[in-house]
Amino acid sequence: MTAAKIILIRHGQTEWNRAERLHGRSDLPLNATGIAQAHRLAAELSADGPWDAVYSSPLFRACQSAQILADALGIAKVQENPELMERDFGESEGRLVKGLDQEQRRLLMNLGETEEHLVQRGVNALFKISAQHPRQKVLVVSHAALISSVLTALSGEEQSQLANAQMIALEPALLSNFVAREPLWH
């Protein structure tokens, strides 16, 4: 049995997002724009409620976004999951990517955690969340690289970069089908 609906949400904007720096594991707060984005998203999601659970990466920008959503939607607790953290960009952490083409960005991103590892832990987390919430509606606040990489792996179609506070529905059957082909990471 799987969740009825899972919505993946990229956290609101930070100053590093605005400056176009690789964010990775750096633990920065939302800026004023990011806070406003989270509040707008909460208002939009309230029309599609009620929601049963909110999960988040433990990085502050994601937790901050998730808490704004949970408070507005009447959900008592945000459940943090370390497998939802952003990709570790290694020595590229904090580097400016403004003006770089896709290949140059990819090379910088590959100096840390592999995309394969990122996908494995992301799918693992989402599969467990889906299984823990049969027939429920769940929000998952995470990060651009994790969400895009997981959706690309699940659908087989290249995903475009998500904007801050952008949400995208995840078809729970995609998780089940992927896990049937690929064993869970742990």
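These notebook entries record what I looked up in a predicted model.

**Conventions.** I number residues from 1 along each chain as its sequence is written, and I use heavy atoms for side-chain values, with hydrogens and water left out. Because the model is predicted, I require pLDDT of at least 70 for local features and count side-chain atom pairs only at pLDDT 80 or more, whereas totals for chains, interfaces and linings use all residues.

**Entry 1, the sheet.** I looked up the strands (DSSP runs of E, at least two residues, numbered from the N terminus). Five of them form an open sheet in the order 3-2-4-1-5, with mixed pairing; I take two strands as paired if DSSP finds at least two bridges between them. Strand 3 (78-80) and strand 5 stand at the edges with a single partner strand each, so one side of each has no neighbour in the sheet. From one strand to the next, the twist averages 25 degrees. Strand 1 and strand 5 run antiparallel and are joined by four bridges; I noted that Ile9 has Met167 in strand 5 as its bridge partner.

I took helices as DSSP runs of H or I, at least four residues. Helix 6 packs on the sheet and touches strand 1, strand 4 (137-142) and strand 5, contact being heavy atoms within 4.5 Å. The direction of helix 6 makes about 140 degrees with that of strand 1; axes are lines fitted to C-alpha atoms, for helices over the stretch in contact, and angles run from 0 to 180 degrees between N-to-C directions.

I asked which residues of helix 7 (residues 172-181) are buried. They are Pro172, Leu175, Phe178 and Val179, where buried means under 20% relative accessible area, exposed over 50% and partly exposed in between (1.4 Å probe, protein chains only). These residues lie on the same side of helix 7, because they cover an arc of only 125 degrees around the axis, taken from the directions from the helix axis to the C-beta atoms. On the other side, I found Ala180 and Arg181 exposed. The buried residues pack against strand 1 (5-10), helix 5 (115-132), helix 6 (144-155) and strand 5 (167-170).

I found 10 of the 14 residues of helix 3 buried, including Arg61, Cys63, Ile68 and Leu73. The buried residues pack against strand 1, helix 2, strand 2 (53-56), strand 3 and strand 4. Just after helix 3, Gly74 takes a positive phi of about 70 degrees.

I located Thr33 in helix 2 (residues 32-46). Thr33 is partly exposed, at a relative accessible area of 39%.
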